[in-house]
Amino acid sequence: MDTNLKSTEHPRRNTFAGLLSWVSLLLILCAACCAAIFFLMVLANPRTLDYAASHLQQFAGSPSPTLPDLEGAFVEAKPHEEMVYTHTVQIISALAILLTALVLVFLFRQDRYAFEEMVARGLGRVWVELKLAALVMILMMCMTALAWGSAAEKAFGITIACVLTVYLLCLDVSRNRRFFGHNIIHSVLVRVNDYHGMTTFQQRAVRRAYATIAIVLALIVLGAAGFGVAMNFLYGHEGYRKLALAIPLTAVVGITGTVWWYILALKRDLSDWNLLMDQITEMYGGDLNAVNHVPPTSNLYDCAMQLNMIRTGVQKAVEEGTKADRTKIELITNVSHDIKTPLTSIISYVELLKKEDLPPAAADYVSTISQKAQRLSSIVQDVFEVSKAATGNISLNLDDLDVGRLLRQTFVEMEETVQRSQLQWRIDIPEAPMLIHADGQRLYRVFQNLIRNCAQYALEGSRVYVTLSAQAGLAQVTVRNVSRTEITMNGEDLTARFVRGDQNRTTEGSGLGLSIAKSFTEACGGHFFVRTDGDLFIVTVQFSLVEPKEPALYLEPEETASAAAPD
């Protein structure tokens with residue numbers, strides 16, 4: 001997404017330009033209304049027109065000895081040159097100001113709209129009671145202004161005040177739908193509802209903050225009022241100044257103590273909060289026995305108890321899950337062991353039948369039974385091995401061995417499988433020994449499963465890359481191939497038990513090959529990763545390199561004829 005594109009719905013506006021355009025609009029409105037008031041005054045009092053005409057006559061060059069003002073009195077006319085200069089400057093200045101204001105109004109009208117929205121939002125946050133009080137105060141000021149100044153000053157002053165008031169009132173009503181809905185009562189009810197919806201800790205924190213503010217304000221008011229009363233009623237008494245100063249000083253001490261009490265309470269809350277965070281950190285690290293010791297008098301006591309109950313619930317869930325998993329593995333192990341005994345007998349009798357002189361059809365049936373029995377035996381063996389690895393009951397013979405030599409021998413012993421696969425194998429194994437600490441028999445099974453996995457599921461005629469390298473103190477074996485079928489799951493899912501990359505199950509396999517390989521690798525202290533990129537399938541086996549102390553020991557892998565075909 002291109003973040004440099006400008007939004008057409010909410011374009012950014014220049015606030016200063018909007019302010020200039022808004023002030024210019026108000027200036028034009030005030031000038032227009034003053035002009036209208038002047039014409040009304042001319043209609044109501046003809047002497048107003050005579051006064052204006054006399055000024056114009058004197059400005060034109062025919063000065064009269066005296067000029068009537070709006071109240072009917074006469075004032076002395078000024079010299080002609082002074083009148084011309086004064087009125088010329090006034091007229092040019094007024095015209096220039098109005099012209100500039102008119103240009104700004106039309107030039108920055110979009111910015112003015114945005115500024116008006118901002119002003120309307122600000123007015124919308126003011127309670128309607130305060131707005132009505134402001135209107136009453138403006139009305140009283142206008143009535144008071146009637147007793148001061150000349151008629152023109154009173155008329156124009158009241159006109160400007162009324163224009164501004166009406167404009168702001170219309171702007172507020174037109175832009176804010178909840179003009180009367182935003183009042184003090186509604187706000188108090190909303191705060192009360194919010195308070196009831198808070199947690200216990202939030203309620204206590206709000207009460208403490210409000211109590212601190214109320215106490216501080218009360219002490220300020222009492223200190224100021226007490227000082228005023230003492231200065232007025234105790235004036236002239238002995239020591240009245242000391243008594244008057246003692247009252248605000250006491251208020252200052254009370255305010256300081258209240259603020260200090262609030263700070264100490266916050267400090268206690270932060271200390272208790274640190275206890276909770278320590279418990280959360282320990283639980284996140286795996287220690288489900290971690291508890292907190294928040295005192296019952298703390299504001300966070302309820303949260304602390306809830307966290308302890310969560311700890312208990314998680315611990316119980318983990319124990320039940322571990323118990324269920326252990327039961328499942330034991331069931332699989334027992335079932336595998338119980339199936340293995342009769343299956344061995346079946347295989348033995350099938351081998352005896354093969355030695356008998358049977359008709360061709362019967363011989364084919366016996367051969368099919370033998371193949372399926374061997375496959376079933378392989379699946380049972382795989383399940384048994386996975387169960388032992390999952391429970392940690394697998395026996396290991398760890399020693400230093402050359403992983404390159406083991407990998408080469410695995411390919412030699414599986415040459416028949418490699419030849420039948422119709423794949424192009426690209427094997428890169430350095431001659432230099434790479435010693436790792438692992439179980440040779442289990443690691444042989446890992447490589448065997450990976451080779452069989454490629455032989456079964458790689459795309460026919462494609463290339464398989466097997467690479468052994470040393471990187472950052474690690475011996476890394478990488479197997480890459482292209483899948484014959486589409487891979488619709490990630491690598492982590494492919495290493496799960498009984499999961500196969502071939503969702504249609506058109507190939508043989510139990511879905512345990514990669515799971516066994518991963519379990520054996522991790523049991524030997526290595527790391528096993530599977531990554532998919534489209535149809536590209538990549539397996540990485542990593543072991544830490546060890547320094548050679550003596551000629552590398554190598555454990556000949558046992559024959560695993562019943563090994564399962566990995567997935």
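A residue is called buried under 20% relative accessible area, exposed over 50% and partly exposed in between, with a 1.4 Å probe and protein chains only. This is a predicted model, in which local features need pLDDT of at least 70 and side-chain atom pairs count only at pLDDT 80 or more, while totals for chains, interfaces and linings use all residues. Residues are numbered from 1 along each chain as its sequence is written, and side-chain values use heavy atoms, with hydrogens and water left out.

Helix 16 covers residues 513-523, and because 8 of its 11 residues are buried, it is largely enclosed by the rest of the structure. Helices (H or I, at least four residues) and strands (E, at least two) are DSSP runs, numbered from the N terminus. The buried residues of helix 16 are Gly513, Leu514, Ser515, Ile516, Ala517, Lys518, Phe520 and Thr521. Just after this helix, glycine 525 has a positive phi of about 95 degrees.

## Helix 12 and its cap

In helix 12 (residues 403-413), the buried residues include Val403, Gly404, Leu406 and Leu407. Gln409, Thr410 and Phe411 of helix 12 are also buried. The N-terminal end of helix 12 is capped by aspartate 402, with a side-chain oxygen 3.1 Å from the backbone nitrogen of glycine 404. A polar contact is a pair of N or O atoms within 3.5 Å; within protein, one must be able to donate a hydrogen and the other to accept it, and residues adjacent in sequence count only if both atoms are side-chain atoms.

## Paired strands

Strand 6 (residues 463-471) and strand 7 (residues 474-482) run antiparallel and are joined by 7 bridges. Two strands pair if DSSP finds at least two bridges between them. Alanine 470 has alanine 475 of strand 7 as its bridge partner.

## Aromatic pairs

Rings of Phe, Tyr and Trp (its six-membered ring) pair if their centres lie within 6.5 Å; planes under 30 degrees apart count as stacked, over 60 as edge-to-face and the rest as tilted. The count by this rule is 3 aromatic pairs. Tryptophan 22 and phenylalanine 115 make a tilted pair, at 5.4 Å centre to centre and 50 degrees between the planes. Since tryptophan 22 lies in helix 1 (residues 15-44) and phenylalanine 115 in helix 4 (residues 109-124), the pair ties together parts that are 93 residues apart in sequence. Tryptophan 22 is buried at a relative accessible area of 14%, and phenylalanine 115 is buried at 10%.

Phenylalanine 411 and tryptophan 425 form an edge-to-face pair, at 5.8 Å centre to centre and 75 degrees between the planes. Phenylalanine 411 belongs to helix 12 and tryptophan 425 to strand 4 (residues 424-428), so this pair ties together parts that are 14 residues apart in sequence. Both phenylalanine 411 and tryptophan 425 are buried. Trp22, Phe115 and Tyr167 form one aromatic cluster.

## Salt bridges

The structure holds 7 salt bridges, each a side-chain nitrogen of Lys or Arg within 4 Å of a carboxyl oxygen of Asp or Glu. Aspartate 269 pairs with arginine 208, the closest N and O atoms being 2.8 Å apart. This pair links distant parts of the chain, with aspartate 269 in helix 9 (residues 240-284) and arginine 208 in helix 8 (residues 200-233), 61 residues apart. Aspartate 269 is buried at a relative accessible area of 10%, as is arginine 208 at 11%.

Glutamate 116 forms a salt bridge with arginine 112, at 3.7 Å between the closest N and O atoms. These residues are 4 apart in helix 4, and therefore separated by about one helical turn. Glutamate 116 is buried at 6% relative accessibility and arginine 112 at 8%. Glutamate 416 and arginine 420 meet at 3.0 Å, N to O, and both lie in helix 13 (residues 415-420), 4 residues apart. Glutamate 416 is exposed at a relative accessible area of 58%, and arginine 420 is exposed at 55%. Salt bridges that share partners also join Arg112, Glu116, Glu117 and Arg175 into one network.
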